[in-house]
Amino acid sequence: MSSTAIFDNDDLRHMARALQLAQQGLYTTTPNPRVGCVLVKHGHVIAEAAHLRAGHGHAEALALQQAGAAAVGSTAYVTLEPCSHHGRTPPCAQALITAGVSRVVAAMQDPNPLVAGQGLAALRAADIEVCCGLLQAEAEALNPGFISRMTRQRPFLRSKIAASLDGRTALANGQSQWITSAAARADVQHWRARSCAILTGVDTVLYDDPQMTVRTLEIGRQPLRVVVDGQLRIRPSASILRGSTTLLVYARDPSNKAASLQLPGVELLQLAGEDDHVSLPLLLQALAQRGINEVLVEAGQTLNGALQQQQLIDEYLLYYAPVLMGSGARGMFAMPDLTDMQQGVALDIVELTMLTPDIRIRAVPRPAS
């Protein structure tokens, strides 16, 4: 049976609902993808569910459990191809076959090499009508980190920067609290909550002594905190080393501080790159191997500049406050001086939101022409 189809308004409505359900797992499904499922029979919704936490039921299995015998002859709308392998839970493709559904509409194929079309193929082999690609862009936007980890073996990297209107992130003496308003800082909490890890640099830790935790939302977990500290300059008393799990990534330990940093919840990882700096590509690979999907960068101009120069930033989350700080204040990215306008980093703005009195801009690197 063909995987292409002409979708009608009912198909669109039910898949939109499945995507809405998948949003329920925005903060909690890591390292799994966010998935929603709606079962429809004779034009009526008979069950709906979302995957909420790794190790718990998948969306399809939960919806089938709700529907019971009524699932026979139904259509399943699912935001991601049903899995075909045994993980922590049984394969959903087989569950749909056993339940007797007659049609499966998937928003997108699963990028996981363990699935990658095999779930859809199993459904077709069981004479179930299969359609794929409905609201695919919306489904992909829901799981950028999972897709990145499966296809590029590294997480999706989102850099959050709070700045003045003239693009300054801190005073010359390093003071940066607070440039943006309470509304902007509350908004950041949501981006932290959906992230698997928070990445910062040692300079930010030394100047601001942040905790880098999710504080205003109850999500039942804390993102892994990752500190890039090339020469292990961090103080053992730093707040970021307490209250949750922290990964200290360094290149060298010239002062022999590693022993003093062997604290509860703290892990050290040596990843030396060029010029005694931490290898950022190797760091992202290591995070992917830990099941990290999305990383939120909350750092200063040095680490942001290094990530930018190595083209490792996938999305920019820029908060601008209506204040001017002058040319002596610190900038957003430490980058080599440009000699031609064509050397600038071209971005596409995908969203602009007012967080009175501040502005939030989401932007992505413009694809090479």
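Hi everyone, a definition to begin with: angles under 35 degrees count as roughly parallel, over 145 as roughly antiparallel, 65 to 115 as roughly perpendicular, and the rest as oblique. What we have here is a predicted model, where local features need pLDDT of at least 70, side-chain atom pairs count only at pLDDT 80 or more, and totals for chains, interfaces and linings use all residues. Residues are numbered from 1 along each chain as its sequence is written, and side-chain values use heavy atoms, with hydrogens and water left out.

Let's start with a helix pair. Helix α2 covers residues 59–67 and helix α3 residues 92–99; they pack at about 20°, with axes 9 Å apart. Helices here are DSSP runs (H or I, at least four residues), strands are too (E, at least two), and both are numbered from the N terminus. The axes are lines fitted to C-alpha atoms, for helices over the stretch in contact, and angles run from 0 to 180 degrees between N-to-C directions. So α2 and α3 are roughly parallel to each other.

Which residues meet there? From α2 we have Glu60, Ala61 and Leu64, and from α3 Cys92, Ala95, Leu96 and Ala99; contact means heavy atoms within 4.5 Å. By class, that contact has six nonpolar residues, no polar ones and one charged. For those classes, Ala, Val, Leu, Ile, Met, Phe, Trp, Tyr, Cys and Pro are nonpolar, Asp, Glu, Lys and Arg are charged, and the others, Gly among them, are polar.

Now, zooming out to the domains. The assignment, automatic or from a database, gives domain 1 as 9–143 and domain 2 as 153–365. Their centres, taken over C-alpha atoms, are separated by 35 Å. At the interface, 10 residues of domain 1 are in contact with 11 of domain 2. The two domains bury about 780 Å² between them, 44% of it on carbon and sulfur atoms. On the domain 1 side, Tyr27, Thr30 and Arg34 lose the most area to domain 2, together 64% of what that side buries. Buried area is the accessible area (1.4 Å probe) that two parts lose on being put together, summed over both.

Thr30 comes back for the backbone geometry: a cis peptide bond joins Thr30 to Pro31, with omega about 5°. Pro31 sits in the loop between α1 (9–22) and β1 (36–41). Another cis peptide bond joins Thr356 and Pro357, with omega about 10°, and Pro357 lies in the loop between β13 (347–355) and β14 (358–365).

And lastly, His42: it is not a glycine, yet its phi is positive, about 50°. His42 is in the loop between β1 and β2 (44–50). Thanks, everyone!
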